[in-house]
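Here is a short briefing on one structure.

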Amino acid sequence: MLRVDSELKQKLIDPLFAPLDRNFILSAGVLLALIGWGALMYIRQVFLGLGVTGMGRPVYWSMYIVNFVFFIGISHAGTLISAILRVTGAEWRRPITRVAEAITVFALIVGSMQILIDMGRIDRLAFTVIFGRLQSPIIWDIISVTLYLLGSVTYLFLPLMPDLAIIRDNLPENVPEWRRKLYTILSLGWSGTKEQWVRLEKAIAFMAVFIIPVAVSVHSIISWILATTLQPGWHSTIFGPYFVAGAIFSGIGALFIAMTAVRKVFGLEKYIAQKQYRNLGLLFIAMNAIWFYFTFAENLGIATGQQIYEMPILAVKLWGEFAPTFWVMITCMAVAFYILVVPPMLKKQTEQRAFIFQPRFAIGSAIAVAVLAALLVAPNLVGAPVLAISGNAMVSTILWILLILIVFGFLLGVSQWLKANPVTSTVIASALVVIGMWLERWNIIIPTVTHPMLVPYATYTPSLTEISIMVASLAGLVLMFMIFFKLFPAISIWELAEGSVIEEAQKQVVIPEPEPSDTRRRWGLR
Amino acid sequence: MPKWSMVIDLDKCVACQGCSIACRFENNTPVVGPEQAELGRAVLWNDVFPMPVNPTEETGEYPNVKSQYMTRPCMHCENAPCIKVCPVGATFINEEGIVEQNYARCIGCRFCTVGCPYGVRYFNWFEPQWETPLAEHLNPDRVEGKGVLEGPAVRPLGVVEKCTYCIHRLKKAHAQAEAEGRDFRADEYVPACVQTCTGKARFFGDLDDPNSTVSQLSMNPRSFRLLEDAGTHPKTVYLREG
C-alpha cells in the first residue's frame with residue numbers, strides 16, 4: 001500500500017476521477033469532428049489518388065512533408081528536457097518531465113503518420129521491410145523513427161510506473177472497474193521495495209542516455225533525406241545540425257504551451273512555477289540565438305556563391321514569392337527573442353514612462369506595421385507591386401527589415417505589460433516560435449521543389465485535402481494529449497516527492513561565510 | 001554485354017516533338033487534359049522544351065534572345081541519383097545500363113522524383129485514363145514477371161514511371177535472337193523515339209563498342225551531357241548546336 005501526500009492527491013489524482021466536465025466533452029467533440037473530416041479526406045485520397053492534393057511535377061513533395069518535419073521536430077521536446085536534464089541532474093525538471101515525454105510520443109505518432117499519408121501506395125508499406133534497401137535515407141528514417149518511438153514510449157512509461165501504483169492504491173470508492181484494472185495491470189505489480197527502486201533508477205538512467213543519440217539521429221536523418229539529393233538549396237552539409245537545433249527549438253516552444261495548458265487546467269501553479277519558466281526560458285533564448293546563427297550560415301554561402309540554380313531559391317525567399325513566409329518567420333523568431341530577453345531586464349516604471357514605453361507608441365507602431373505589411377504582401381495577392389518601387393529587390397528587402405524594426409517599436413510599447421505577465425508572454429513567444437518553425441520547414445521545402453534545375457518553375461497551393469489533413473493532425477495531437485492527462489497524472493508524483501525531500505535536506509546544509517583574507521584586504525576588497 | 005546509349009544531335013533536331021508522340025503511343029503514357037497539365041500532371045517520358053528552362057537575364061529578350069530547343073528522354077545515368085535514394089529497389093540499373101522502373105514494387109514515396117535533377121520521372125497522380133479511340137489502341141506489349149511490371153504495361157495508381165529506352169523492344173529483340181539460335185547484335189534494337197525522329201537527330205547503340213556510332217559521336221568535340229558537373233554520368237549524350 002503506497003501512500004501519497006494529501007495535497008498531491010488532491011491536485012494530481014482526484015482530477016483524474018472527477019466526472020467529465022462540459023468543456024472537456026465539448027472540445028473533445030470538436031476535435032473528433034475535425035479528425036473525422038480529415039480521415040474522410042484521406043480515404044478519398046487513397047481511392048482517387050494523390051491528384052487530390054496540390055502537388056504535381058516538379059512539386060513532388062509538399063505540405064505533408066512540411067508537416068512531417070514539423071511534427072517530428074516538436075517531438076524533440078521530450079528528449080531534451082527529460083533526458084538531458086535528468087542526466088545532468090537539474091532539479092527543476094521534476095514537474096515538467098511528464099508533459100515533455102507525452103509530447104514526444106504523441107507528436108511522433110502524428111509525425112510518422114504524415115509520411116504514410118504522403119505515400120502513393122500505402123498498401124505496399126510492408127515492402128519497406130521486405131525489400132528495404134539500407135542505402136536509402138528513407139529506410140534510415142524508418143529505423144530511427146521506429147526506434148525513437150519505442151524508446152520514447154518506454155521512457156514515458158518507466159517513470160509512470162510508480163505513479164500508477166500510487167493511483168492503484170489510492171483509488172476512490174466508486175471508480176469504474178475498467179480503470180481499476182487499467183492501473184493494476186499497467187503498474188506491473190509495483191510495490192515500492194528497495195530492489196524495485198534500484199532497478200527503476202537504473203532503467204531510467206540507461207534510457208535517458210540511450211534516447212539522446214537516437215533523438216539526434218532522427219532529425220539528422222530527416223534533414224539528410226533532403227540533403228542527400230542534388231536539389232539546389234538542400235544539398236548542404238549544415239542541414240543535420242540545423243534541423244536538430246530547430247527541432248529542439250520548436251520542441252521547447254511546444255512544451256511551454258503544453259505545460260502552461262496543464263498548469264491552467266489542473267491549477268498546478270505551485271509546482272510549475274517561475275523557476276521552470278525562467279530556466280527553460282534561458283534554454284529557449286539560447287536555441288533562438290543558435291537558430292539565427294544557423295539560418296544565417298545556411299543562406300550566406302548561397303548568397304555569396306550566387307550559383308545559377310541556388311541563387312533563385314534564395315532570391316524568391318528574400319524578395320520573391322516566398323518573401324512573406326520568409327520574413328514572417330524571421331519576425332516571429334525575432335519577436336520571440338525580444339519577449340524572452342528584454343522585458344525581464346527592464347525596470348518597473350510605475351509613473352513616468354518614457355514615450356517609447358507608452359501604449360500609444362505601441363498602437364502607432366502597430367498601425368505602421370499593418371500598412372507596411374499590406375504593402376509588402378500585396379504583390380502576392382494582386383499579382384503586382386502596389387508601389388512600383390517596392391518591386392525592387394533591394395527596396396523590398398529593406399522594407400521587410402524596416403517592418404521588423406517597427407514591430408520592435410510595438411513591443412517596446414507593450415513591454416511593461418509583458419513584464420507584468422511573464423507566463424502569458426512566454427506562451428506568446430512559444431506560439432510565435434512554433435509558427436515560425438512551421439514556416440521554416442515550408443521555406444526550406446517548397447522553394448526548392450518549385451525551383452528545380454531543369455523543369456520550369458512552378459507554384460504550389462495546398463488543396464483542401466492537404467489543409468484538412470493538417471488540421472486533423474493537429475486536432476489528433478491535442479486530443480491524445482487531453483485523453484492522456486485525463487487518465488494519468490500530469491506531474492510525476494514520486495519525482496516531485498523525491499525532489500521535496502532533496503530540497504528539505506539541502507536546507508539543513510549550512511554554508512559558512514568566506515573568511516576575510518589578507519589578499520582581499522590588501523586590494524581594498526571587503 | 002552492350003551498354004546502351006543515345007546521342008541527340010541538336011543541330012539536326014527540328015523540335016517537331018515526334019519523339020514525344022512516338023514515345024506516348026509506344027509506352028502508353030496517360031493523357032491528362034489541359035487542366036491537369038496546368039497542375040504539372042502531364043506525363044512526357046520524352047519531353048521537348050526550350051533551354052534555358054527558366055529564363056534569366058543572360059537569356060535576353062526578344063528579338064535579341066539566346067534560346068534553343070532541347071529534347072530530353074531519361075539520361076540513364078551510370079551514377080543515378082534516383083537509384084541511390086529508392087527505399088525498396090523499385091528503380092535499378094540493369095546489366096545493359098538501362099535504368100528500369102518496376103511498377104509492381106514502387107511504393108509511391110516520390111523520393112526518386114525529387115532526387116532526379118533532370119525531372120525525367122513522373123508520378124501517377126490519378127488512375128491513368130484514355131478516351132475511347134485511344135483506349136482501344138494501347139500498346140499490348142508488357143514486360144512482366146514475378147513481382148515485376150515494367151515497360152509499356154498500363155501503370156497502376158500511385159507509382160512512378162519513366163523512360164526505359166523502350167525496354168520491351170530490347171527484350172523482344174533478345175527473344176528473337178534466342179529463338180533463331182544466334183547471338184544478339186547491338187544494331188537489332190532502337191527505341192521508338194529514335195526510329196521516328198524526323199530530322200534523324202537521334203542515334204542509338206552500344207557505348208562499350210568503340211566503333212559504334214554513339215561511341216564515335218560521344219567523342220565528338222560538340223558532345224556534352226546535361227548537368228555534366230553533377231557527377232551523374234548520363235548515357236544520353238547531346239551534340240551542341242552550331
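Chain B and chain A bury about 3500 Å² between them, and carbon and sulfur atoms give 61% of that area. The model is predicted. In chain B, 47 residues are in contact with 43 residues of chain A. There are zero disulfides over all chains.

**Interface between chain B and chain A**

- The size of an interface is often given as the accessible area lost when the parts come together. For chain B and chain A that area is about 3500 Å².
- Between chain B and chain A the count is one salt bridge.
- That salt bridge joins the side chains of A:Asp118 and B:Arg110, at 2.7 Å from N to O.
- Polar contacts between chain B and chain A come to 24 residue pairs, with both residues at pLDDT 80 or more.
- On the side of chain B that touches chain A, the elements giving two or more residues are strand 2 (47–51), helix 3 (81–85), helix 4 (111–115) and strand 8 (122–123) of chain B.
- The residues on that side of chain B divide into 30 nonpolar, nine polar and eight charged.

**Helix 1 of chain B**

- Helix 1 of chain B covers residues 18–27. Eight of its 10 residues are buried, so helix 1 is largely enclosed by the rest of the structure.
- The buried residues of helix 1 of chain B are B:Gly18, B:Cys19, B:Ser20, B:Ala22, B:Cys23, B:Arg24, B:Glu26 and B:Asn27.
- These buried residues pack against strand 2, strand 5 (68–72), helix 6 (167–179), helix 7 (192–196) and strand 12 (202–206) of chain B.
- Just after helix 1 of chain B comes B:Asn28, which takes a positive phi of about 55 degrees.

**Cysteines without disulfides**

- A disulfide is a covalent bond between the sulfur atoms of two cysteines. The count over all chains is zero.
- The cut-off for a disulfide is 2.5 Å.
- B:Cys112 is buried, with a relative accessible area of 8%.
- B:Cys163 is in no disulfide either. Its nearest cysteine sulfur is that of B:Cys74, 5.3 Å away.
- B:Cys163 is buried, with a relative accessible area of 8%.

Notes:
Residues numbered from 1 in each chain as written. Chains lettered and ligands numbered in written order. Predicted model: local features only at pLDDT ≥ 70, side-chain atom pairs only at ≥ 80, totals over all residues. Heavy atoms only, no water. Buried < 20%, exposed > 50% of the residue type's maximum accessible area, 1.4 Å probe, protein only. Contact = heavy atoms within 4.5 Å. Buried area = accessible area lost by both parts, 1.4 Å probe. Salt bridge = Lys/Arg side-chain N within 4 Å of Asp/Glu carboxyl O. Polar contact = N/O pair within 3.5 Å; in protein donor to acceptor, adjacent residues only side chain to side chain. Helix = DSSP H or I, 4+ residues; strand = E, 2+ residues; numbered from the N terminus. Nonpolar A, V, L, I, M, F, W, Y, C, P; charged D, E, K, R; others polar.
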